[in-house]
Amino acid sequence: MEGLMNTSTSKTPGALSFAVRELQSSDADSVLAIQAQSPEASQWQKKDYESLAGNGSRGWVAQADGRIAGFLVARLIADEVEILNLAVDPGMRRQGVAEKLLNEAIAWAGQNGAARAYLEVRQRNLGAVEFYKAHGFHRIGMRPNYYFNPPDDATLLAAPVSRR
Ligand SMILES: CC(C)(COP(=O)(O)OP(=O)(O)OC[C@H]1O[C@@H](n2cnc3c(N)ncnc32)[C@H](O)[C@@H]1OP(=O)(O)O)[C@@H](O)C(=O)NCCC(=O)NCCS
């Protein structure tokens, strides 16, 4: 249970108190509920969250007052980590949940040899683009008509990862 041992807690005074730990398959229903309220996130199926380790991915959840506040899934390939999915409960946004999840994923990636993080995000998803830019990501390109339902271009963002 390496992920549980790696639990870390938000310590900002007055802020939402939450802990980040590895996503377990038993979290899948809670994660799906947040995903359903986050149309900008990738809409995965339950089995996708239940089989992360099997496809080389790893997930984290932020837990506040016994409920899941947000989740992030990443995949490490060679020296790059791809942020595959990220969403926070709409009622718990702008309280540092995504930041804590991203920091956890980047730390794990750095410890496991990643030199760069990258992701694709809907061009119209300005909130997420701002979030990533606030955390060191910069635009490296775009993929036209990458998304459908609704159609959108993808913005490619990347950030350096320091190895530890
Ligand atoms: C994007 C998302 C994950 C951010 O989660 P969050 O927990 O609210 O983010 P944080 O509180 O950690 O934000 C930290 C900083 O990121 C930036 N940021 C986050 N959301 C932002 C927004 N909507 N607009 C502008 N900046 C934003 C700000 O700099 C913020 O700091 P501040 O609140 O002091 O201004 C959340 O809005 C979400 O779940 N969106 C729907 C799903 C999605 O878009 N996923 C990304 C797909 S790649």
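The largest pocket holds about 1100 Å³ of space. A pocket here is an open set of points on a 1 Å grid over the protein atoms alone, where a 1.4 Å probe fits and protein lies on both sides within 12 Å along at least five of seven lines; lining residues have an atom within 4 Å of a point. The volume is the space filled by probe spheres set on the points, which are joined across faces, edges and corners. This is a predicted model, in which local features need pLDDT of at least 70 and side-chain atom pairs count only at pLDDT 80 or more, while totals for chains, interfaces and linings use all residues. Residues are numbered from 1 along each chain as its sequence is written, and side-chain values use heavy atoms, with hydrogens and water left out.

The lining of the largest pocket comprises 37 residues, and E40, L86, A87, N125 and A128 lie nearest the centre. Strand β5 gives the most, seven residues. At least two residues each come from β5, α4 (97-111), β6 (116-122), α5 (126-133) and β7 (138-147); helices (H or I, at least four residues) and strands (E, at least two) are DSSP runs, numbered from the N terminus. By type, the lining has 19 nonpolar, ten polar and eight charged residues. Asp, Glu, Lys and Arg count as charged, Ala, Val, Leu, Ile, Met, Phe, Trp, Tyr, Cys and Pro as nonpolar, and the others, Gly among them, as polar.

S38 sits in the loop between α2 and α3. The side chains of S38 and R93 are joined by a polar contact of 3.0 Å.

Helix α2 (residues 28-36) has A28, V31, I34 and Q35 buried. These buried residues line one face of the helix, because they fall within an arc of 125 degrees seen down its axis. Their cover includes α3 (46-50), β3 (57-64), β4 (67-77) and β5 (80-88).

Most residues other than glycine have a negative phi, and most peptide bonds are trans. R94, in the loop between β5 and α4, has a positive phi of about 60 degrees and is exposed at 85% relative accessibility. N149, in the loop between β7 and β8, has a positive phi near 50 degrees and is exposed at 69%. A cis peptide bond, with omega about -5 degrees, joins N149 and P150.

How values were computed. Buried means under 20% relative accessible area, exposed over 50%, partly exposed in between (1.4 Å probe, protein chains only). The arc is that of the directions from the helix axis to the C-beta atoms. Contact means heavy atoms within 4.5 Å. A polar contact is a pair of N or O atoms within 3.5 Å; within protein, one must be able to donate a hydrogen and the other to accept it, and residues adjacent in sequence count only if both atoms are side-chain atoms.
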